Amino acid sequence: MTMVKDTKHIANPPKGGGSVNWTEFFERSGLILLLLVVIVVFAILRPNTFATYANFRSIATVQPVMAVTAIALIVPLIGGRFDVSVGATLGLSAIVTASAMSHFQLPLAAAIGLGVLSGALIGAVNGTIVAYLGVNSIIGTLGIATILGGVVTGYTNGIPISSGLSPILTDISIQSVLGIPVLFILMAVIAVAVWFVLTQTPYGRNLAAVGANADSARLAGIRSKRVVMQSFVIAGALAGIAGVLQIGAQGNAGPQLVGITFILPALAAAFLGATTWQPGRFTVQGTIIGIFFLGTTISGLSLVGIQPWITDVFNGAAVVLAIALSAQLRRRRTGSLDIGS
């Protein structure tokens, strides 16, 4: 019990004052308010296309895979480490799942299990490299991502796997429950599960303590290396789940998924999320808000007829701005500008 109390203190240093702080209020809710403004503006500009059930259903169907990817990203980030291989892990897991069904005729459940397991194994390799070999997390996971890209391209010859897949999975993007897309419901279930692990368990508190102050966490008796290692395994497994969901979202598994398709928006959402809800911290709630802010904005920009290249510029600018804001908020909370090692 003593250790838990100590780790709570490390991860959540006490704040002074108890009165309403309007600056803090607007920091917490700023991105939510901005999302509402974006919805209102595009609804006025394109009332017949943006402000429709079909458009919001499309956003709720397209964004869940990206949201699960971003949630995977924040697990090691809470522990102070980057995992830039989550996009490549997603792509590999999708290929493993599709190949198990198409090339080896395995049942859907076994194929999904192999896809998620492959993601967890890649996470274990990342965790070993970062936690036990002391490699910088960005460099180590970037190297793994590059390797995965080569492996996937070599196995598929650049051709998507689209035949022999279970229709139960490939038709999931058109399925709804009470008008809510099934993919959105699955994302919500995964988000709640990860939120519970990160906020309601000793492991989540230990991970936050390591990310806030690794030396203090170690002195409090936390086995930091094991905690960091486990964070990469969880991230890999979540990326594997995202890979399975991606097959359902697009109906096949393509080698192009291993590129930067997912990592850049996921990074932007993770760091945008760290500017809201609990500013300076990576949270599941903030990440979900960040992903739907990006998705809604890009949808609105597309409907007003912008050139496609603007999307890349928008995502890149969002990453830079969000990381800069997150670093400043982290400095206010911990006194340090460092994000990731």
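# A tour from Leu121 onward

Start by selecting Leu121, whose place is in helix α5 (residues 108–132); helices here are DSSP runs of H or I with at least four residues, strands are runs of E with at least two, and both are numbered from the N terminus. Leu121 counts as exposed because its relative accessibility is 51%, where exposed means over 50% relative accessible area, buried means under 20% and partly exposed lies in between, with a 1.4 Å probe and protein chains only.

What you have open is a predicted model, in which local features need pLDDT of at least 70 and side-chain atom pairs count only at pLDDT 80 or more, while totals for chains, interfaces and linings use all residues. Residues are numbered from 1 along each chain as its sequence is written, and side-chain values use heavy atoms, with hydrogens and water left out.

## The whole chain

Zoom out, and colour by secondary structure to find the 14 helices and 2 strands of the protein. Of its 341 residues, 50% count as buried. If you display contacts (heavy atoms within 4.5 Å), then among those between residues at least 6 apart in sequence, 77% join residues at least 24 apart.

The unreviewed UniProt entry carries the annotation "transmembrane region" for several spans, including residues 59–78 and 286–307; the positions follow the numbering used here, feature names are shortened, and such annotations may be inferred rather than shown by experiment. Select 59–78, a span that is 100% helix and 0% strand, with its end C-alpha atoms 27 Å apart. Then select 286–307, where the chain is 82% helix and 0% strand and the end C-alpha atoms lie 29 Å apart.

## Where α5 crosses α6

Return to α5 and show α6 beside it: their axes come within 9 Å and cross at roughly 145°, the axes being lines fitted to C-alpha atoms over the stretch in contact, with angles running from 0 to 180 degrees between N-to-C directions. This crossing of α5 and α6 is right-handed, a term used when the near helix is turned clockwise from the far one by less than a right angle, whereas anticlockwise gives left-handed. Which residues of the two helices meet? On the α5 side they are Ile122, Val125, Asn126, Ile129 and Val130, and on the α6 side Ser137, Gly140, Thr141, Ile144 and Leu148. An α-helix has 3.6 residues a turn, so residues three or four places apart point the same way.

## Two loops

Move on to Asn157, in the loop between α6 and α7, where phi is near 55°, a positive value in a residue other than glycine. Asn157 counts as exposed, at 63% relative accessibility.

Next select Leu178, in the loop between β1 (176–177) and β2 (180–181). Leu178 also has a positive phi, of about 55°, although it is not a glycine, and at 86% relative accessibility it counts as exposed.

## The interior

Now look at the largest nonpolar core, which has 67 residues, among which Leu73, Val194, Leu198, Val284 and Ile288 touch the most other members; a nonpolar core is a set of buried Ala, Val, Leu, Ile, Met, Phe, Trp, Tyr and Cys residues joined through side-chain atoms within 4.5 Å. Helix α3 (residues 53–78) gives the largest share of this core, 13 residues. Centre the view on Val194, which, apart from neighbours within four places in sequence, is in contact with Ile71, Val75, Leu238 and Val284. A second, separate core of 20 residues includes Leu148, Val152, Leu169 and Ile247.

Helix α12 (residues 263–273) is another covered element, with 10 of its 11 residues buried, among them Pro265 and Phe271.

## Last stop: aromatic rings

Finish with Phe42, Phe50 and Phe56, which form one aromatic cluster. The structure holds 5 aromatic pairs, counted where rings of Phe, Tyr and Trp (its six-membered ring) have centres within 6.5 Å, with planes under 30 degrees apart called stacked, over 60 edge-to-face and the rest tilted. The rings of Phe50 and Phe56 are edge-to-face because their planes stand at 70°, with the centres 5.5 Å apart. Phe50 is buried, at a relative accessible area of 1%, whereas Phe56 counts as partly exposed at 35%.
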